[in-house]
Amino acid sequence: STHCISSAASDVYKRQMSSRYSVFNSTLHGSGVQADAFIPVGDVVLQEKPLHFLQTIPNRKSVIVCGSCLKPLGNLPIQIGALQGVISRENIVEEFEVSMATSAISDYCCRVVPCPCNCGEMYCSEACRDVHWAVQGHRLLCTGHITDEEAEFHPLIAYKIHAMSSNEIFLMAADVFAAIVCQLDNLITSGVELAQAFELANKPLAGYVRELWWDAAITPKGYKPLAFKKSLKTLIKDTWELLNEALQLESKGYTSFLSEEYLSR
């Protein structure tokens, strides 16, 4: 139900974590964890936090989670109501307040904090809301401030419609780009040169194996390989042009790094 990029150590050389296990780098698979001694059952070996994730569009309607940390929101009746389709992002706050006042089920409870722009994003706390806005890039991707009159021609709306109608993974690609843009804006404002700023912002992703999309994708049955590759190149070109306009990459001077090729990888 979720596409996810997790944070992982990206050291090129083996880095000792403890006397029992270590993170190592594999040319083929990237960073991984190996046991150097016996580890008792139940011990926590490694904890990772998502850098970026995308809740699939159908799942987003039936499971309401924090837009920053993925924590399920509300309590058990709220989540059951969402699965049944009687509770949505539009009425979850009111339903949660009613549920907390009347429900006898209190084993699990998590707050429901909406985006103040009323775009439909929900959070488990003000802290997650603020991190998602300022650090993870929601301030660049929030549609709550766009009026109905603006929506027809707004580049961000155009991008999201394009992503949902072609490949929803482009929604997560926009999250990646937006988070990097936020970091670049902050670093450059503090006096860091652009190339160094991008190196710092891109560091969490730098350890991943990133082939060009059309070189990594397997041609579906019934498609000709060359035609399929050409279709992906065209799709990337169209997607990047929309994303460039939505995030104002060119006007910021970021297109030398956040390029069409970067998106394709």
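Q: Which residues lie nearest the centre of the largest pocket, and how many line it?
A: Rolling a probe the size of a water molecule over the atoms shows where empty space is left. In this predicted model, 32 residues line the largest pocket, and Leu54, Arg60, Glu121, Lys160 and Leu171 are those nearest its centre. The space in this pocket amounts to about 850 Å³.

Q: Which elements give two or more residues to that lining?
A: They are β5 (50–55), α1 (57–62), α5, α7 and α8. The largest share, six residues, comes from β5. By residue class, the lining holds 14 nonpolar, 11 polar and seven charged residues.

Q: Which members of the largest nonpolar core touch the most other members?
A: In soluble globular proteins, nonpolar side chains tend to be buried together. Here the largest nonpolar core has 39 residues, and Phe177, Ile180, Leu184 and Leu258 have the most contacts with other members. Two or more residues each come from α5, α7, α8, α9 (194–202), α11 and α13, with α8 giving the most, 12 residues. Leaving aside residues up to four places away in sequence, Phe177 touches residues including Trp240, Leu243, Leu247 and Leu258. Another core, of 17 residues, lies apart from this one and has Ile92 and Phe96 among its members.

How values were computed:
Residues are numbered from 1 along each chain as its sequence is written. This is a predicted model: local features need pLDDT of at least 70, side-chain atom pairs count only at pLDDT 80 or more; totals for chains, interfaces and linings use all residues. Side-chain values use heavy atoms; hydrogens and water are left out. On a 1 Å grid over the protein atoms alone, a cavity is a set of points where a 1.4 Å probe fits but cannot get out, and a pocket is an open set with protein on both sides within 12 Å along at least five of seven lines; lining residues have an atom within 4 Å of a point. Grid points are joined across faces, edges and corners, and a volume is the space filled by probe spheres set on the points. Helices (H or I, at least four residues) and strands (E, at least two) are DSSP runs, numbered from the N terminus. Ala, Val, Leu, Ile, Met, Phe, Trp, Tyr, Cys and Pro count as nonpolar, Asp, Glu, Lys and Arg as charged, and the others, Gly among them, as polar. A nonpolar core is a set of buried Ala, Val, Leu, Ile, Met, Phe, Trp, Tyr and Cys residues joined through side-chain atoms within 4.5 Å. Buried means under 20% relative accessible area, exposed over 50%, partly exposed in between (1.4 Å probe, protein chains only). Contact means heavy atoms within 4.5 Å.
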